[in-house]
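Visitor: I have a model open and want to learn to read it. Where do we begin?
Guide: With the structure itself, and then one feature at a time.

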Amino acid sequence: MTRPVAVVGTGTIGASWAALFLARGHDVRAHDPAPGAEARLRDAVAATWPALTRLGLAPGAGRSRLSFHDDLADAVRDVVLVQESGPEDADLKAALLRAIDAHAPADAVIASSSSGLLPSTLQAMCEHHPERVLVGHPFHPAALVPLVEVVPGAASPDHAVTAAVAFYVDLGKRPIVVRREVPGHVANRLQAALWREAYSLVERGVATVADIDTAISNGPGLRWALLGPLVGQHLSGGPGGMAHTLRHLGPPAQAWMDDLGAPRLTDELADLLVSGVDDELAGIDQQAMAAARDELLVDLLTRKRATPALP
Ligand SMILES: NC(=O)c1ccc[n+]([C@@H]2O[C@H](COP(=O)([O-])OP(=O)(O)OC[C@H]3O[C@@H](n4cnc5c(N)ncnc54)[C@H](O)[C@@H]3O)[C@@H](O)[C@H]2O)c1
């Protein structure tokens, strides 16, 4: 029988991981010291369950296979993988990883959801078996979005990376292995590049927050969910493909890149962005908006899975 999986830290991301692990037929052991954490976790799993059910539950999968443990050692004792999802704070992560390292089986993978900490930094926090610690970074909502960035650290042997990738593939995830540790991994850096220019355009008065969201969600964002930005560029070159695009539109794009802003996220800029989002969402039911986003996401994921012509 397969060993259980542990989720340590059951906030936004940990709860989403727990729901996915359960839907894929795992026994899940959860730990979080916050008062009321177990009830919040069970509510969050219940809220995600209909979407996961639409995507297809593994045989035998069930929410009753979740157990909550007040003692971290009980949660990780005999598991095959620990998904660490505690707060993004280096000191807290250090205490947490030290405890997980002390109590998890020596062959268990310890994957941290950390959005930005380097895996070698996380490995240095562990005294017993640092080599099984790596980053397994998801995207919110983690139960639905397939990408997970697996980032090995300096001490990671190939077999730890292979085991983590195989585990995530088995969950239905689309892992990429990041080849060098950099702050923010890959996808958050790509997002940061876009946010940087969006903030700059707002600051310079070129576009409103709402215009920027429209420009992406009704423009290139529609294509990006189907094909990445580079294959998209290849297709926009017609029969000449990427080589033609770069010859034809590369020089002007270089001029645009040279003109990109480098804003500082000052309090004034933050106020501008917050009031821009408030204006954009005036009169919109945000709960209904988030539910509609998840509903359409499930439709899109289902159609993408059934479309082998996409890479
Ligand atoms: N929110 C996102 O969009 C997102 C996306 C990808 C990755 N992440 C990463 O996931 C991790 C968790 O982020 P989040 O957004 O879920 O944060 P969160 O604040 O929602 O959840 C953190 C949880 O950790 C718990 N916690 C605190 N101390 C703990 C301890 N000693 N042991 C166990 N649990 C403890 C808290 O009670 C809380 O429930 C972070 O490393 C973050 O960088 C977040």
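Guide: Start with a cut-off: a polar contact is a pair of N or O atoms within 3.5 Å. Keep in mind that this is a predicted model.

Visitor: How far is a polar side-chain atom of S115 from an oxygen atom of the ligand?
Guide: The distance is 2.7 Å. That falls within the 3.5 Å cut-off.

Visitor: How much of the ligand's accessible area does the protein cover?
Guide: On its own the ligand has 830 Å² of accessible area, and the protein covers 72% of that.

Visitor: Which residues come nearest to the ligand?
Guide: There are 22 residues around it, and I13, D32, E88, K93 and S115 come nearest. By class, the shell splits into seven nonpolar, twelve polar and three charged residues.

Visitor: Which residues of α6 are buried?
Guide: Buried means under 20% relative accessible area. In α6 that gives A160, V161, A164, F167 and Y168. These residues cover an arc of only 130 degrees around the axis, which puts them on the same side of α6. On the other side, D158, H159, T162 and D170 are exposed.

Visitor: What follows α6?
Guide: G172 does, with a positive phi near 95 degrees.

Visitor: How does α13 (residues 286–305) compare with its expected length?
Guide: Its 20 residues reach 28 Å from first C-alpha to last, close to the 28 Å expected at 1.5 Å a residue. Three residues to look at here are L297, V298 and L301, which are buried. Seen down the axis of α13, the buried residues fall within an arc of 100 degrees, so they line one face of the helix. L296 and R303, on the other side of α13, are exposed.

Visitor: What should I look for in backbone geometry?
Guide: Look for exceptions. Most residues other than glycine have a negative phi, and most peptide bonds are trans.

Visitor: Which residues does a cis peptide bond join here?
Guide: H140 and P141, with omega at about -5 degrees. P141 sits in the loop between β6 and β7 (147–151).

Visitor: What is the phi of H185?
Guide: It is near 55 degrees, a positive value in a residue other than glycine. H185 belongs to the loop between β8 (174–177) and α7 (187–203).

Visitor: Is H185 buried or exposed?
Guide: Buried, because its relative accessible area is 1% and the limit is 20%.

Visitor: Where is S85 found, and what does its side chain contact?
Guide: S85 is in the loop between β4 (81–84) and α4. At 12% relative accessibility, S85 counts as buried. Its side chain makes a polar contact with the side chain of S113, at 2.9 Å.

Visitor: And G56: buried, partly exposed or exposed?
Guide: Partly exposed, at 29% relative accessibility. G56 is in the loop between α2 (37–55) and β3 (66–68).

Visitor: Where is S64, and how accessible is it?
Guide: S64 is also in the loop between α2 and β3. Its relative accessible area is 70%, so S64 is exposed, the cut-off being over 50%.

Visitor: How do I relate sequence separation to distance in space?
Guide: Read the two numbers together. G56 and H248 are 192 residues apart along the chain, and their C-alpha atoms are separated by 45 Å. V206 and H248 are 42 residues apart in sequence and 26 Å apart in space, C-alpha to C-alpha. For S64 and E149, the values are 85 residues and 29 Å.

Visitor: Where does V206 sit?
Guide: In the loop between α7 and α8 (209–217). V206 is exposed, with a relative accessible area of 53%.

Notes
Residues are numbered from 1 along each chain as its sequence is written. This is a predicted model: local features need pLDDT of at least 70, side-chain atom pairs count only at pLDDT 80 or more; totals for chains, interfaces and linings use all residues. Side-chain values use heavy atoms; hydrogens and water are left out. A residue is near a molecule or strand if one of its heavy atoms lies within 4 Å of it. A polar contact is a pair of N or O atoms within 3.5 Å; within protein, one must be able to donate a hydrogen and the other to accept it, and residues adjacent in sequence count only if both atoms are side-chain atoms. Accessible areas come from the Shrake-Rupley method with a 1.4 Å probe; for residues, only the protein chains shown count as cover. Ala, Val, Leu, Ile, Met, Phe, Trp, Tyr, Cys and Pro count as nonpolar, Asp, Glu, Lys and Arg as charged, and the others, Gly among them, as polar. Helices (H or I, at least four residues) and strands (E, at least two) are DSSP runs, numbered from the N terminus. The expected span of a helix is 1.5 Å times one less than its number of residues. Buried means under 20% relative accessible area, exposed over 50%, partly exposed in between (1.4 Å probe, protein chains only). The arc is that of the directions from the helix axis to the C-beta atoms.
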